[in-house]
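Q: I would like a close look at one part of this model, with the cut-offs spelled out, and then at the ligand surroundings for context.

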Amino acid sequence: MDPTAPSSVAADATAPTNTTVTLPPLTLRDVPRLPPALASPAPAVANPISRHPYYHPPSTFYISPGDVSLRHAFFDLASAAPSPLVAYRRAGPRGDLAVDPARARAALVTCGGLCPGLNTVLRELVVGLQELYGVRDVFGVAAGYRGFYGGDDDHVRLDPAAVDDWHKKGGTVLKTTRGGFDLAKIVDGIVARGYTQIYAIGGDGTMRGAVAIFEEFKRRGLNISITGIPKTVDNDIGIIDRSFGFQTAVEIAQQAIDAAHVEAVSAVNGIGLVKLMGRSTGHIALHATLSSRDVDCCLIPEIHFYLEGKGGLFEFLYERIKKKGHAVAVVAEGAGQELIPRTDDQKREQDESGNIVFLDVGPWLKSELGRWWKREHPDELLTVKYIDPTYMIRAVPANATDNLYCTLLAHSAIHGVMAGFTGFVPGPINGTYSYIPLEDVAVAKNPVDVNDHKWAWVRSVTNQPDFLKF
Ligand SMILES: Nc1ncnc2c1ncn2[C@@H]1O[C@H](COP(=O)(O)OP(=O)(O)OP(=O)(O)O)[C@@H](O)[C@H]1O
Ligand SMILES: O=P(O)(O)OC[C@H]1O[C@](O)(CO)[C@@H](O)[C@@H]1O
Ligand SMILES: [Mg+2]
């Protein structure tokens, strides 16, 4: 057939058609700004990136003041689109600054648990502030929020040479803590040190703390900006696409599943059981399960399960062993918490930040399974190999994808602060880096959607029970 010959197919059968659709009105969920009288070094300072000795930004480099991104990237035209459509300011460098870099004094702090990429964010904040914007005074605040009211040793001057290889290190060079949130002392400490910009890197608790600090700045009429850089290995912060370090953690989690699989396959009636992080969300367990393909059952906090009886976990594992000779189960640390018996003291136990302390679901599951097996199948061997890689998945350096992500987050934060924004969080929404009000991110959760395709795919890969009692 001559490929250049005109198509014989009727045009109206295949040609794309254009349908005009009227969308609901757009609401800009804007981020706060420092009061112009306080922020503006009148007249506005031209962005020093334009004078960079080696990089000459093209006209498209700067973000226009009207540039926005949409919260929802897709709608069903057959039903009403979300109304109003919510938009956020697009993140990125502005042509004019509202802050004079020569007068800026930045403080960086890390709070909460570890996450791959923390050191990369710190490195890129230091390098970006100094090399892109010429901010000379950049300090690392040691040991979380409490460092703000610590001694001189808790405030370390940083420069690009000092942080040069930080992106290769796991953990946080600045150290991190939970608790110690004394608002008055923190803000007094910030004022006493003359900081004009605060970069707080942490999870939901850190974001709630940053909101409180932001409100206190406003109450005291302080010319200080604060931005929260969202960090959570559990990927439990909402609105943004995902949090940094998550993909690295999934990669390491998968190695634990591989080991559990090898152990299970090599034993008689072998079960490999892996416990993974995820306090209130099962994203790590879900993603590691889908990537691995060796998992027979994935238990997450969003799904209730039960152990014994028809349709229960133990009967399922037994049947899987009968069929394949082995089984692998993955459990997120927050799964099944309501099933584990606990004392009143244990019910009340909290960490220093006020987070409920969970009981260890992994060893509990292992011992309950052993007890059940002995009772139901006393003449059959059972070998359970339990792997708990807990801190290993978050104490590693970020992989290449997360390193790049951390760099873009850090730079987005700096650009926003220099443009005069405050009380905001930078983050990708549908792939577009945006500025989101801190108060929104502080309360936005991100549970696994058990009605979407990803969870459906877990169910079809594992064929695990739905745990609906009947
Ligand atoms: N509601 C709140 N108001 C003010 N500060 C808070 C609040 N919740 C937590 N914080 C403070 O924020 C800091 C970090 O909180 P937390 O230990 O819960 O970690 P996180 O930021 O949620 O990170 P992770 O993802 O590891 O849980 C702590 O210093 C804590 O005291
Ligand atoms: O033992 P730590 O450091 O308090 O943190 C444990 C918690 O931190 C997290 O990693 C979240 O950062 C959770 O998955 C875990 O429950
Ligand atoms: Mg938290």
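How many residues does helix H8 have, and how far does it reach from its first C-alpha to its last? Beyond that, which residues are around ligand 2?

A: This is a predicted model, in which local features need pLDDT of at least 70 and side-chain atom pairs count only at pLDDT 80 or more, while totals for chains, interfaces and linings use all residues. Residues are numbered from 1 along each chain as its sequence is written, and chains are lettered from A and ligands numbered from 1 in the order in which they are written.

Helix H8 covers residues 313-324, which makes 12 residues, and its first and last C-alpha atoms are 16 Å apart, close to the 16 Å expected at 1.5 Å a residue (the expected span is 1.5 Å times one less than the number of residues; helices are DSSP runs of H or I with at least four residues, strands runs of E with at least two, numbered from the N terminus). Its buried residues are Leu313, Phe316, Leu317, Tyr318, Arg320 and Ile321, where buried means 20 or more other C-beta atoms within 10 Å of the residue's own, exposed 12 or fewer, and partly exposed in between, with C-beta atoms placed from the backbone. The cover over these residues includes strand S11 (270-276), strand S12 (297-299) and strand S13 (326-332). Just after H8, Gly325 adopts a positive phi of about 90°.

Turning to ligand 2, the residues around it are Gly112, Gly113, Gly203, Thr232, Val233, Asp234, Met277, Gly278, Arg279, Glu333, Asp351 and Arg394, a residue being counted if its C-beta atom, placed from the backbone, lies within 6 Å of the molecule. This shell comprises two nonpolar, five polar and five charged residues (Ala, Val, Leu, Ile, Met, Phe, Trp, Tyr, Cys and Pro are nonpolar, Asp, Glu, Lys and Arg charged, and the others, Gly among them, polar). At least three of its residues come from each of domain 1 (68-244 + 398-443) and domain 2 (247-395), with bounds from an automatic or database domain assignment.

Asp234, in the loop between strand S10 (225-230) and helix H6 (246-265), carries the UniProt annotation "active site" from an unreviewed entry; such annotations may be inferred rather than shown by experiment, feature names are shortened, and positions follow the numbering used here. Asp234 counts as buried because it has 28 C-beta neighbours inside 10 Å. Leaving aside neighbours within four places in sequence, Asp234 is in contact (C-beta atoms, placed from the backbone, within 7 Å) with Met277, Gly278, Arg279, Thr281, His283 and Ile284.

Notes:
Contact = placed C-beta atoms within 7 Å.
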